[in-house]
Amino acid sequence: MGIYTCSLLLPPPTVNSHFPNHIRHAFSSSSIRRRFTSPPKPKPILPFPPNCANFYRLQCSASLPMSAQQDSASTSPSQVEGSLLKSRAFWVSESIIAWNVDAGDDSCYLFSSKTAALSLTGDGVSGEDVKVDLREDRHGLPQNVKEKFPHIKDYRAFNVPSDLDVKSLLKAQLAVATFSSDGRCSDATGLQLPGILDELFSYEGPLGAVFSKEAVSLYLWAPTSQAVSVLIYKEPLGGNPLEIVQLEEVNGIWGTRGPKSWEGCYYVYEVSVYHPSTLQNEKCYANDPYARGLSSDGRRTLFINIDSDSIKPDGWDKLVDEKPDILSSSDISIYELHIRDFSANDQTVLPEFRGGYLAFTSQDSAGVSHLKKLSKAGMTHVHLLPAFQFAGVDDEKENWKSVDSKILEKFPSDSSEQQALITAIQNDDGYNWGYNPVLWGVPKGSYASNANGSYRALEFRKMVQALNRLGLRVVLDVVYNHLHGSGPFDANSVLDKVMIVPGYYLRRNTDGFIENSTCVNNTASEHFMVERLILDDLLHWAVDYKVDGFRFDLMGHMMKRTMVKAKDALCSLTKDRDGVDGSSIYIYGEGWDFGEVANNGRGVNASQFNICGTGIGSFNDRIRDAILGGSPFGHPLQQGFVTGLLLQPNGYDHGPEAVAERMLAEAKDHIQVGMAANLRDFVLTNCEGKEVKGSEVLTYGGTSVAYALDPTETVNYASAHDNETLFDIVSLKTPFEISVEERCRINLLATSIIALSQGIPFFHCGDEILRSKSLDRDSYNSGDWFNRIDFTYNSNNWGVGLPPKEKNEKSWPLMKPRLAEPSFKPQKSHIHAAVEFFSDLLHIRYSSPLFRLRTANAIQERLRFHNTGPSSVPGLILMSIEDGHEGLPGLSQLDPIYSYIVVIVNARPTEVSFTSSSIRGRALQLHPVQVKSNDEIVKKSTYDTGSARFTVPARTTSVFVEPRGV
């Protein structure tokens, strides 16, 4: 085993890199719950032991690093205020340190120790190599610092001497302390470094492994590291390194140039760096943050040339020309799907393909046949839950545990035995949603036939290609708001371990501890190199895997600036240069505004209200809550517009009848705003009879319902992977005694509102087949049993036992009688009918461009709501969309077939017959799709031209059209 030193060459050929409301409405419920799984048993990072005595793990509820237990060893509270374990001071630029110390006219000093020997004693700070006098700037922090770090804008400013060798100090242990005139140390703390690191080391050159014809070069951004080596391995597991190469540093970039023979080998970085969580210089081993491939145990990075023809399916480079056409983002509809859910239970898929990427290539499987049906009806995009490298599922399938489904099937439908057996192995099975990011740029190994080598890259590409050829574009769910691991020794830690000192990639509070409002290890996109990594990763997926869109998990925890840069970078991609039409890439996300970023606490964040005007979509939780009732945080029996509020009470106390009546009227207002794409300036008549803008319609918490400036900025939905499935929540909220046929109809009524609204309609996989998770409200780690999907339409998975105790036990008393009642379970005929009904809705949406208006102005000019004001019929929405006539003044003509469309949503449990004088004189008839529908009930919908009288059956959405030339 040799040790080699190679020269850093800048720049090499760049083959493998791209540069170009109120709290109840604040966030989706599972953003707090779903992320964290019990940590797996620690594995050795390398076959030889690292120089580390312990593994440090951060639990979801932790507010301090584990090393806080060592605090007493560092200082005695009776001697000195402060602690070196905390980092309450901020080195914000080369010349300024910010600290909110309350020390009057005390002197302030900066201390540094290359050997991490700083400690607090009765005399103050000892063990330093360097001690620097800091003088306060009475003018305070400059404006640019206040804008970059708004949460410390009122801190005191201390000037750093201009002749100080700052770059070398940043590799050492640092502290600041104040001393009174008698020499007593009054306070001391560590420092947070993102500001100065951004100023001195922002970098736009190549990172990761870069391949040329002659060599492989490595580049690692690690300006605080003291030494970096790379260990090269021939095999993915076991054995000793083929060689160990010391990297050389140029201005914070560590690099080396190696032979072409490295391609196909594996490597690990050995990094010597000071780590504040242990107050020591540590030697750590980690993957490349820009990894594009991994070993099956996730401990080694694969040298993979992503541009190699050997990992491209036939026709890959021409896929851009095969992608289904999207004329406008307004034409998009989205179907959310988990990769494992899609085929794990599909017996028509080859066993070796089930639960993985290659299942999408099985042309004759039940699942693929279902996707073909949706695509033919008009669905445009499949949104895949996380498919990057995440924690919680071992990539080595032989390590998985499982429970025989035949055993589970023997238990009663309301039994707790199923969940007990599932949860006993839930951290060792093959299932997790995947919101536990480890490495953003590598496809998840557990979905590949072989997690070693280049299989995962090739098979991911085959999946994208197969979906595109079905007529479906692919959206990737990206989780840039947090990381699963942190600290120097966590097996799932990469960025916090190797790239820089903690506090750069991970967002810290004012004491220097990791913010955990996303549940664990929040990232800081406001820092330059974090933002750069995110942008590089998006371009990697868009160019190298030809992904057609991105859904941003907890987008509100990212900065608006980052999101706008992401959109611009993706839009700049071209067919000729990049093999991608970037103008067709759509991005959207969860714009919830909470935690430390709320109200622009860390800069202007990508919240629902801030993101408007950018063309970036955000989920509309207002329409979801109004349709179903309550919120994910409220009582599960609270009813909404379609689930029986006022009109068919379930026994829950909604207050006096007048209160319930008002709630139903306001829910209708919220839905109507949503059906108008949740546009901020759309004018409608509210339940009080007043003309108001969408922004003037308020939620129960007092915030505006509407926030969008463009229809593509609103993603309307009634259900998603978070919380209960649509069928399950309907089964909870509707009266116990109604029939399963009625529940099925309510399920479809909810989907019809989403399908026929302006904006982007979003559907959870299973909305259309009455999918159940046996009432599980958070199935992120509930295994295949509770997440099963049956694309043969024989079962919807209702009544497979009480859902897992951890997230559902408090509702078990409500769930148990429902699961025990056989009449709650839909039959095969119900599921088949639901699929056909859903297909009809898509056919109707895509039968006219009037359902997909492209501008806010077009929606305001053409769309109207009738049956409004205090005298309106409760539980009834009547929406009209008007088109112009070619050659005539007024509205332009968009639809060559229909000149006028009326959508009527009757959520009442009885048929409704009513007259609308504002529509009198129209030659309306039931939409041809509904005339030919297998739904005999909707066929009973009528319109009498002479009297302008509509008749619509109970719990039915009817669409009437005026054909041209009639």
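Two strands pair if DSSP finds at least two bridges between them. Helices (H or I, at least four residues) and strands (E, at least two) are DSSP runs, numbered from the N terminus. This is a predicted model, in which local features need pLDDT of at least 70 and side-chain atom pairs count only at pLDDT 80 or more, while totals for chains, interfaces and linings use all residues. Residues are numbered from 1 along each chain as its sequence is written, and side-chain values use heavy atoms, with hydrogens and water left out.

Start at strand 14, residues 215–221. Buried here means under 20% relative accessible area, exposed over 50%, and partly exposed in between (1.4 Å probe, protein chains only). Seven of the seven residues of strand 14 are buried, so the strand is largely enclosed by the rest of the structure. A215, S217, Y219 and W221 point one way. V216, L218 and L220 point the other way.

Which strands pair with strand 14? One is strand 13 (residues 208–211), joined to strand 14 by four bridges and running antiparallel. F211 stands opposite V216. Another is strand 18 (residues 253–259), which pairs with strand 14 in the antiparallel sense over seven bridges. There, W221 stands opposite I253.

Move on to S618, in strand 29 (residues 617–620). S618 has 0% relative accessibility and therefore counts as buried. Contact means heavy atoms within 4.5 Å. Leaving aside neighbours within four places in sequence, S618 is in contact with residues including M555, Y588, Q608, Y707 and E713.

Next comes L853, in the loop between helix 24 (828–845) and helix 25 (856–862). Is L853 buried or exposed? L853 is buried, with a relative accessible area of 2%. With neighbours within four places in sequence again left aside, its contacts are S330, P711, Q758, A858, I859, R862, I881 and L894. Q758 lies 95 residues away along the chain, yet the C-alpha atoms of L853 and Q758 are separated by 6.8 Å.

Finish at an open sheet of three strands, in the order 37-40-39, with antiparallel pairing. Strand 37 (912–915) and strand 39 (942–944) are the edge strands, each pairing on one side only. Neighbouring strands of this sheet are turned by 15 degrees against each other on average, direction ignored. Axes are lines fitted to C-alpha atoms, for helices over the stretch in contact, and angles run from 0 to 180 degrees between N-to-C directions. Strand 37 pairs with strand 40 (residues 949–952) over four bridges. In that pairing, S913 stands opposite T951.
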